[in-house]
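Colleague: Hi! I have a structure open on my screen and would like to learn how to read it. Could you take me through some features?

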Amino acid sequence: MPSPDTFDLPITGMTCASCAGRVERALRKVPGVKNATVNLANERAHVEVIEQIDPASLIAAVDKAGYGASLEQDPAVQQADQLKRHDSERWHLILAIVLALPLVLPMLLHPLGVHWILPAWVQFLLATPVQFFLGARFYVAAFKAVRAGAGNMDLLVALGTSAGYGLSLYQWLAASPGSMPHLYFEASAVVIALVLLGKYLESSAKRQTASAIRALEALRPERAIQVIDGEEREVAISALKVGDQVLVKPGERFAVDGEVIEGQSHADEALISGESLPVAKQPGDKVTGGAINGEGRLLVRTQALGAETVLARIIRLVEDAQSAKAPIQKLVDKVSQVFVPVVLLVAIVTLVGWLMAGASWEAALINAVAVLVIACPCALGLATPTAIMAGTGVAARYGILIKDAEALERAHEVTAVVFDKTGTLTSGTPQIAHFSAVDGDENALVQRAGALQRGSEHSLAKAVLDMADERGLTLENVSNSRSLAGRGIAGTLHGRELALGNRRLLEESELSPDALAGSAQQWEAEGRTLSWLIELTPQRQVLGLFAFGDTLKPGAAQAIEQLTARHISTHLLTGDNRGSANVVAQALGINDVHAEVLPADKAATIITLKKTDVVAMVGDGINDAPALAAADIGITMGGGTDVAMHASGITLMRGDPRLIPAALDISRKTYAKIRQNLFWAFVYNLIGIPLAAFGLLNPVLAGAAMALSSVSVVSNALLLKTWKPDDTGDKP
């Protein structure tokens, strides 16, 4: 659902870039409207308002401009309407081909030596329903455009085919009895059939560009099994509230976002996060609505419903990106505003020019008709939005959510990527990086430290317990366990009083590092957190040393390597100490380190870098939000806070650093498709219009070329659907 200060309106009746521009201008004139953008490819208008406004005034403005609008429909109803319209287009196309084929058959047989022609009255009977029944849509839309004081593709088609049909009718009625005049009924009928073919193929292709949204919407279950006092009952999703308990059986989709409170299983989250492997779920773990439950029954406590679920936010982000207008589209908009009037002028000049050159009315009119037909600006209007829809859709399949078209277009220019450290390149969970036992018995050292830490929830304690578990060590019970405030923990094991803690504990116990002094100095220089295991009684001695540090995320090194290969510089921006930051930078091959930077100063660092580079900032926390907003492109890692997601242009649904170069790659490929599409859209017209004006292109070929231009632009955009990220190891 759009926010209260925005409206999304489905628009009907648009056929070209001129139409989209006219709807935009009509909406922007409504009092209270801040901005309006119209997407020809998905036939929607996104309207931003600055004050309370009645949606009826927006609909009325669109209607006055000659088009139809409505409030946002239920997705299922909207999809059904689109399917019905698509079926109607198909039947109209079939009928147009059946009626036009006999008209064009003599022309096809002529090169084979078969000289046969239909009687004039038969041509008239075949062409008339095509012109005025199947072609009625062009007359209606053209009339609305003229009434609104503008021109569009329909006006060009209506004028061109009417001229050919009218000339044929005149030639037939003015001909001498018994003679066979030269008629152009087949040209008008075939042009309409070709335009309908182009629109049908274009509609089919546009449905494919929107497939990402439909796939995401299909993940929403309509019903769930609610559990109340142990009793199960099936209810509609709308009947659930936050805090309700929901049972999810094996193979079912999670109906809500929530927390597992009972059971163990795995969840397939491929279509939501792009994660190819099932994710283990047990009590305390979060689950996402739309994911598929694996082998176990899970009882889930509802934490988010409806528009607040992760899936709903993903759909909103993808919809916003697909309906947004890329900056490059502004050029197209300016061209489309003057395109139709210029084409009409060229057609008139063509008509007058041929007449002045001594050509017959018949030849001059046919050349003018060819100009009108070849010039339909459908391809111009579809070039950018279809590429954006396809690019953002395929990116979403792999867990890359692009917030808007501007982010998509800007990302391909990035020359520097700045990383936050914790949670972005590192896991954010401390683990044992180094450890050393004075007597050389490492297992005994881990076993004693683990016994002291049993039952503790501290992150450093968990790292020790994880290592003990990895080594299969049995941990014994400690007596007289106690916390040493600000220093560590102590307890008695087999009559020996042991303690595990920081340097302050070591100094207060009046012990010296001795043999471990060199290791301690080296590990501290790396920015590691040190914990000493000491014996207090019966002997007072140092038993060993642990160095804790954040571990690098899998794929972090590969991500930096891919960025470096593309000549993109990398920077580490962190509030951590310089030693810790340098260790991470050296391990990954990062070019530059900005350590011990306060959250308030991160944005200033980004602004400084922007003086020489186009900067992408990658982060995941609230303290990264200012830097994300200051960067040219903000990229939020999976699991990031809502604040960080709001401040960024791209959100990665998984915490995989390899998705960062992948996001820049899909941006580059999408922008390349936009440029290719605009090139071909302009080339068709730049070449076709002069050819038609000089009599080198008849109306039938002009109609075929016009239809081909739209289809080729959309088909080229659909090639983006074959894109896959490099070496992330994941498939949707």
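Modeller: Gladly! Let's start with a term: a nonpolar core is a set of buried Ala, Val, Leu, Ile, Met, Phe, Trp, Tyr and Cys residues joined through side-chain atoms within 4.5 Å. Please keep in mind that this is a predicted model.

Colleague: Thanks. Which residues touch the most other members in the largest nonpolar core?

Modeller: Ile400 and Val417 do, in a core of 76 residues. Helix H24 (residues 659–693) gives this core its largest share, eight residues.

Colleague: What does Ile400 touch, leaving out residues up to four places away in sequence?

Modeller: The list for Ile400 is Ala395, Ile650, Thr651, Leu652, Leu659, Ala662, Ala663 and Trp723. Another core, of 55 residues, lies apart from the largest one, and its members include Ala142, Leu155, Val190 and Met706.

Colleague: Now for sheets. How should I think about strands that pair?

Modeller: Strands of a sheet pair through backbone hydrogen bonds, and the pairing is either parallel or antiparallel. Here you can find an open sheet of four strands in the order S2-S3-S1-S4, with antiparallel pairing.

Colleague: Which strands are at the edges?

Modeller: Strand S2 (33–39) and strand S4 (68–69) are the edge strands, since each pairs on one side only. Strand S1 (residues 6–12) pairs with S4 in the antiparallel sense over two bridges. To see one, find Ile11: its bridge partner in S4 is Ala69.

Colleague: Which helix packs on the sheet?

Modeller: Helix H2 (residues 55–64) does, touching S1, S2, strand S3 (44–49) and S4. The direction of H2 makes about 30 degrees with that of S1.

Colleague: And how do I describe two helices that meet?

Modeller: Look at how their axes approach and cross. For helix H4 (residues 120–134) and helix H5 (residues 136–147), the axes come within 4 Å and cross at roughly 40 degrees. Angles under 35 degrees would count as roughly parallel, so H4 and H5 are oblique to each other.

Colleague: Which residues make the contact?

Modeller: On the H4 side they are Gln131, Phe132, Phe133 and Leu134, and on the H5 side Ala136, Arg137 and Tyr139. By type, the contact residues of H4 with H5 divide into five nonpolar, one polar and one charged.

Colleague: I also see Phe138 in helix H5. Is Phe138 buried or exposed?

Modeller: Buried means under 20% relative accessible area. Phe138 has 2%, so it is buried.

Colleague: What about backbone angles?

Modeller: Most residues other than glycine have a negative phi, and most peptide bonds are trans. Asn480 has a positive phi, near 55 degrees, and its place is in strand S17 (residues 479–484). His494 has a positive phi too, of about 55 degrees, and sits in the loop between strand S18 (488–493) and strand S19 (496–501).

Colleague: Are those two residues buried or exposed?

Modeller: Residues over 50% relative accessible area count as exposed. Asn480 is at 52%, so it counts as exposed, and His494, at 61%, therefore counts as exposed as well.

Colleague: Where can I look for a cis peptide bond?

Modeller: Go from Thr537 to Pro538: that bond is cis, with omega near 0 degrees. Pro538 is in the loop between strand S20 (529–537) and strand S21 (541–552).

How values were computed. Residues numbered from 1 in each chain as written. Predicted model: local features only at pLDDT ≥ 70, side-chain atom pairs only at ≥ 80, totals over all residues. Heavy atoms only, no water. Axes fitted to C-alpha atoms, helices over the stretch in contact; angles between N-to-C directions. Parallel < 35°, antiparallel > 145°, perpendicular 65-115°, else oblique. Contact = heavy atoms within 4.5 Å. Nonpolar A, V, L, I, M, F, W, Y, C, P; charged D, E, K, R; others polar. Pairing = 2+ DSSP bridges. Buried < 20%, exposed > 50% of the residue type's maximum accessible area, 1.4 Å probe, protein only.
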